[in-house]
Amino acid sequence: MAAVVELTDVSIVRGEATLLDRVNWRIEESERWVIIGPNGAGKTTMLQILAAQLHPSSGTAEILGERLGRVDVFELRPRIGVASAALADRIPRHERVADVVVSAAYAVMGRWRESYEQADFERAVSLMAQLHVGHLAYRTFGTLSEGERKRVQIARALMTDPELLLLDEPAAGLDLAGREGLVSTLSELCADEFAPATVLVTHHVEEIPTGITHALLLKKGAILAAGPVDEVLTDERLSETFDFALEVTHTNGRWSARARA
């Protein structure tokens with residue numbers, strides 16, 4: 001079976017800066033990945049490749065069985081669900097939540113004159129319920145809390161029944177209760193056998209939901225370690241990633257890290 005993602009010697013170079021350096025990475029359809037690294041490590045650049053928004057300077061990137069550079073990305077992108085702060089900034093604040101979600105079926109931001117089938121509305125309702133925002137359907141996006149907006153974005157990202165789901169720092173900017181609520185919801189999503197292969201980016205191991213199967217540590221554009229999450233998130237590897245002595249703990253499926261005594 002073809003991998004969902006297969007990157008081979010992928011580099012991204014901009015001027016004299018190397019944003020990604022000879023990255024090799026394979027994602028299978030049943031896997032749930034987290035990418036962790038410090039600021040400037042190349043995490044967002046990596047997601048842009050996976051989202052078919054950026055082509056490698058060298059190497060090959062195959063996404064959902066299609067090679068970037070040989071495929072119409074406008075046909076490929078609807079097969080990829082993305083939730084990110086950059087995308088959220090494009091959502092009209094006056095748009096109703098239900099319309100924010102259902103309009104993903106046409107890959108547009110907000111309702112215009114497009115028409116939807118009953119199945120589209122039923123799927124939107126189902127996803128809003130799954131992400132615990134069904135009661136917000138008639139609220140406008142601009143009136144939501146940051147945590148509610150994050151959930152709506154994820155529901156929208158799932159609207160097209162994608163084969164790959166990309167979540168760029170979904171818990172960023174949330175308070176403790178908001179973070180824990182969202183992590184709980186993401187844990188439910190990761191446990192769903194019908195959910196797509198998932199890649200989540202974060203700075204903090206505390207934001208990793210249960211059900212994440214694999215981890216990738218990124219530093220200065222290069223992969224420091226990648227594999228099963230229990231093997232990758234060790235004191236030594238995480239300390240090397242952040243250039244700081246860290247102690248990692250794993251309790252009841254959740255991770256935490258603090259300065260090593």
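E28 is partly exposed, with a relative accessible area of 25%. Here buried means under 20% relative accessible area, exposed means over 50%, and partly exposed lies in between (1.4 Å probe, protein chains only). The model is predicted, so local features need pLDDT of at least 70 and side-chain atom pairs count only at pLDDT 80 or more, while totals for chains, interfaces and linings use all residues. Residues are numbered from 1 along each chain as its sequence is written, and side-chain values use heavy atoms, with hydrogens and water left out.

**Salt bridges**

- A search of the whole structure finds 11 salt bridges. A salt bridge is a side-chain nitrogen of Lys or Arg within 4 Å of a carboxyl oxygen of Asp or Glu.
- E28 has R26 as a partner, at 2.6 Å from N to O. R26 is partly exposed, at 35% relative accessibility.
- R96 forms a salt bridge with D99, at 3.4 Å from N to O. R96 is partly exposed at 33% relative accessibility, whereas D99 is buried at 9%.
- E180 and R254 also meet through their side chains, at 2.9 Å from N to O. E180 lies in helix α7 and R254 in strand β12 (residues 254-259), so this pair ties together parts that are 74 residues apart in sequence. Helices (H or I, at least four residues) and strands (E, at least two) are DSSP runs, numbered from the N terminus.
- E180 is partly exposed, with a relative accessible area of 29%. R254 is partly exposed too, at 22%.
- Shared partners join E6, R26 and E28 into one network of salt bridges.

**Aromatic rings**

- The whole structure holds one aromatic pair. The rings of W25 and W33 have centres 5.3 Å apart and planes at 80°, so the pair is edge-to-face.
- Rings of Phe, Tyr and Trp (its six-membered ring) pair if their centres lie within 6.5 Å; planes under 30 degrees apart count as stacked, over 60 as edge-to-face and the rest as tilted.
- Both W25 and W33 are buried.
- R77 lies over the face of F74, at 5.2 Å from the ring centre. R149 has its charged end over the ring of F141, 5.5 Å from the centre.
- The rule for such a charge is that NZ of Lys or CZ of Arg is within 6 Å of the ring centre and within 35 degrees of the ring normal.

**Helix α6**

- Helix α6 covers residues 146-157, which is 12 residues. From first C-alpha to last it reaches 17 Å, close to the 16 Å expected at 1.5 Å a residue. The expected span of a helix is 1.5 Å times one less than its number of residues.
- α6 is mostly covered, with 10 of its 12 residues buried. Among them are R149, V152 and I154.
- The buried residues of α6 pack against β6 (80-83), α3 (85-88), α4 (97-102), α5 (118-130), β7 (164-168) and α7 (176-191).

**Helix α7**

- The 16 residues of α7 should span 22 Å, and its end C-alpha atoms are 23 Å apart, which agrees.
- Its buried residues are L182, V183, T185, L186, S187, L189 and C190. What covers them includes β3 (32-36), α5, α6, β7, β8 (197-202) and β12.

**Nonpolar cores**

- The largest nonpolar core has 49 residues. The largest share of this core, five residues, comes from α4.
- A nonpolar core is a set of buried Ala, Val, Leu, Ile, Met, Phe, Trp, Tyr and Cys residues joined through side-chain atoms within 4.5 Å.
- The residues with the most contacts inside the largest core are I36, V152, I154, I208, L233 and L238.
- Leaving aside its neighbours within four places in sequence, L233 is in contact with I36, I208, A215, L217, L238, V248 and W255. Contact means heavy atoms within 4.5 Å.
- Another core lies apart from the largest one. This other core has 34 residues, among them A41, V73, A197 and V199.

**G134 in its loop**

- G134 sits in the loop between α5 and α6. G134 is partly exposed, with a relative accessible area of 36%.
- G134 and A98 are 36 residues apart in sequence and 8.4 Å apart in space, C-alpha to C-alpha.
- Beyond its neighbours within four places in sequence, G134 is in contact with M128 and A129.
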